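Please load the model in a viewer and keep the sequence panel open beside it. The stops below are given in the order in which they may be selected.

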Amino acid sequence: MKFIAIIPARYASTRFPAKPLAILGGKPVIRRVYEQVASVLDDAVVATDNQLIYDAVKAFGGKVEMTSTEHRSGTDRCWEAYCKQGGKFDVVINVQGDEPFVQRSQLEALKACFEDPSVDIATLVHPFKSTDDYSVLENPNSPKVVLDSQHRALYFSRSVIPYLRGKEREEWLKTHTYYKHIGLYAFRAEVLGKVTALPQSSLEKAESLEQLRWLENGYRIGVAESHVETVGIDTPEDLARAEEFLKTHPEFNR
């Protein structure tokens, strides 16, 4: 199978404008993301709606496509960029442009999900720690996932799922494994085209989670576990944390 990474990278961001161009350890964030995935997959391309990002990727020798400013999501932007490639790939992996520490093991885990021919889409989860405070578990900005016996997603929610009846909430993480969703997605190429054509669903609107649209329409989402800790960049404060992360992880300073 052939795999391509497409990296959506918008300039506009409410919490951190121009973050793909922010400098992290001497390199733009978007370059760090690109180099991480290009070393693992068959191909990689940045999908942007901004000339400054386009020029920055060209400057370091990366592949980039200019895409519409009207897209509702990174998934839609991925599909446009994929269509412009003209090459034949079996799977498209959507890697967010603010994840400079995405690791080989995570990408390989996504790839392995497609050894099951019934899987349409793949994503990753990370187990919450049994020692985490309940406030970590109930944070609505960390969507939770429940899985079936084949390790496919049954549901994603910003609420805590499942509810453990008869137990104090402080005991939940000690008696059940809860999974936090990691926002990396991989799609069979033909499936990516189909899901971007679907209208928003009621559950998606309720939780503001686009993956619920795919589940509601019958697509099977395979899930792999990742035990890797990384730092995504949503705010300037995250960038400062990422700089500290680099100091203790020299493998990212190639």
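This is a predicted model: local features need pLDDT of at least 70, side-chain atom pairs count only at pLDDT 80 or more; totals for chains, interfaces and linings use all residues.

Residues are numbered from 1 along each chain as its sequence is written, and side-chain values use heavy atoms, with hydrogens and water left out.

Now select α2 itself, residues 51-59; its buried residues are I53, A56 and V57. Viewed down the helix axis, the buried residues of α2 fall within an arc of 95°, so they line one face of the helix. The arc is that of the directions from the helix axis to the C-beta atoms. Buried means under 20% relative accessible area, exposed over 50%, and partly exposed in between (1.4 Å probe, protein chains only).

At its start, a side-chain oxygen of N50 reaches to within 2.8 Å of the backbone nitrogen of L52. Just after α2, G61 takes a positive phi of about 90°.

Next, select helix α3 (residues 74-83) and display W79 and Y82, which are three residues apart in this helix and are separated by about one helical turn. An α-helix has 3.6 residues a turn, so residues three or four places apart point the same way. How are the rings of W79 and Y82 arranged? Their centres are 5.7 Å apart and their planes are at 25°, so the pair is stacked. Rings of Phe, Tyr and Trp (its six-membered ring) pair if their centres lie within 6.5 Å; planes under 30 degrees apart count as stacked, over 60 as edge-to-face and the rest as tilted. W79 is partly exposed at 27% relative accessibility, whereas Y82 is buried at 10%. By this rule there are 11 aromatic pairs.

Move to Y163 and W172 for an edge-to-face pair, with 5.1 Å centre to centre and 80° between the planes. Y163 is exposed, with 59% relative accessibility, while W172 is buried, with 2%.

Two lysines provide the next views. The charged end of K2 sits over the ring of F89, 4.9 Å from its centre, and that of K111 sits over the ring of F3, 5.2 Å from its centre. A charge sits over a ring if NZ of Lys or CZ of Arg is within 6 Å of the ring centre and within 35 degrees of the ring normal.

For C78, the nearest cysteine sulfur is that of C83, 11 Å away. C78 is buried, with a relative accessible area of 0%, and C83 is partly exposed, with 46%.

Continue to helix α7 (residues 189-196), where six of the eight residues are buried: A189, V191, L192, G193, V195 and T196. Their cover includes α3, β6 (91-94), β7 (121-127), β10 (179-188) and α9 (211-216). Within α9, select Q211, which is buried at 3% relative accessibility. Leaving aside residues up to four places away in sequence, Q211 touches F156, H181, Y185 and I221.

The last stops concern the backbone. Most residues other than glycine have a negative phi, and most peptide bonds are trans. Which bond joins I161 and P162? A cis peptide bond joins them, with omega about -5°; P162 lies in the loop between β9 (153-157) and α6 (172-175). In the loop between β8 (144-147) and β9, select H151: this residue has a positive phi of about 60° although it is not a glycine, and it is partly exposed, at 28% relative accessible area. Finish at S208, in the loop between α8 (202-207) and α9. S208, likewise not a glycine, has a positive phi of about 55° and is exposed at 54% relative accessibility.

How values were computed:
Helices (H or I, at least four residues) and strands (E, at least two) are DSSP runs, numbered from the N terminus. A polar contact is a pair of N or O atoms within 3.5 Å; within protein, one must be able to donate a hydrogen and the other to accept it, and residues adjacent in sequence count only if both atoms are side-chain atoms. A disulfide is a pair of cysteine sulfur atoms within 2.5 Å. Contact means heavy atoms within 4.5 Å.
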